[in-house]
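Trainee: I've just opened this one and would like a hand finding my way around. Can we go through it together?

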Amino acid sequence: MKKAVLITPAVGAAALLLATKHKFLSRVVLGNLPQYAPAALTLNPASPLYGKYIVFLGSSITYGAGAFGKSFVDDLEASDGLIADKLAITGTTLAGPEPSSYVSRLQNFHPKAAPDAFVCQLSTNDGRAGKPVGTITEAGATEFDTTTTIGAIEAIIARVKQDWDCPILFYTCVHKPESDYENLIAVLYQLQTKYGFAVLDLKHNQALASATSQLPFAMLDDAHPTQQGYLKLWTPIFRAQLSELLMRK
């Protein structure tokens, strides 16, 4: 028979002390304290997002890989009454025939009602996985090479526009400088001109970068927020951006 471990104040204090002496562990523990969790938030029925249904497609940032699987999506459900489908799997790419790829998951997703908006994370994983970038198709094209990143993005946009006709938001990730990702962001803006969707460019958001530097436990690493990072920094940005996006609808 297993003995229960008694968590006394002294044990808790010792754990926090250990955490502060190890940078990564301290971010895991202190960045994900209970007061930062979605369960600790108070619902605001007056939020412009209350009762709105939004589909979120992405990988680790949308999932909350540095925050025990809780991200800004879960915050907005708890604090704003947002109704969300979080189609997020860590480490996945936009492109490819794999069942886990963005384009495959969206193709197999059939909601019971049309979403009020659609949000897609611009993955940093395609370049690392060796997915070809591809090229933007001519206006009016209806077939896309989804083995390429650009083809996958265009196929995703086409699906959302054809089936749901709702506002679309793509967001970029905060990450250490990578030329492949910078080039993909540049292509995303070209696609924005073609299709007219919104872009939330967190990669180049200097205000976010400055605020992050003031919160030592906001990020688990250079890419993944903790629950503190989402709650204090990322969730307010998404709340404002999505409220504005829905106002345009």
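Mentor: Grid points are joined across faces, edges and corners, and a volume is the space filled by probe spheres set on the points. This is a predicted model, where local features need pLDDT of at least 70, side-chain atom pairs count only at pLDDT 80 or more, and totals for chains, interfaces and linings use all residues. Residues are numbered from 1 along each chain as its sequence is written, and side-chain values use heavy atoms, leaving out hydrogens and water.

Trainee: Which helix gives the largest share of the lining of the second largest pocket?

Mentor: Helices here are DSSP runs (H or I, at least four residues), strands likewise (E, at least two), numbered from the N terminus. Helix H6 (125-128) and helix H8 (179-195) each supply at least two lining residues. The largest share, four residues, comes from H8.

Trainee: And which element gives the largest share of the lining of the largest pocket?

Mentor: About 230 Å³ of space lies in that pocket. Two or more lining residues come from each of helix H5 (102-107) and helix H7 (149-163). The largest share, four residues, belongs to H7.

Trainee: Is Ser101 buried or exposed?

Mentor: Ser101 sits in the loop between strand S2 (83-88) and H5. Its side chain reaches the backbone oxygen of Gly96 at 2.8 Å. Buried means under 20% relative accessible area, exposed over 50%, and partly exposed in between (1.4 Å probe, protein chains only). Ser101 has a relative accessible area of 1%, so Ser101 is buried.

Trainee: How many residues of helix H4 are buried?

Mentor: H4 covers residues 72-80 and is mostly covered. Its buried residues, among them Phe72 and Leu76, pack against elements including strand S1 (53-58) and helix H10 (227-247), going by contact (heavy atoms within 4.5 Å). Of the nine residues of H4, the number buried is seven.

Trainee: Which residue just after H4 takes a positive phi?

Mentor: Look just past the end of H4, where phi is about 70°. The residue there is Gly81.

Technical notes:
1 Å grid on protein atoms, 1.4 Å probe; cavity = no way out; pocket = protein on both sides within 12 Å on 5 of 7 lines; lining within 4 Å. Polar contact = N/O pair within 3.5 Å; in protein donor to acceptor, adjacent residues only side chain to side chain.
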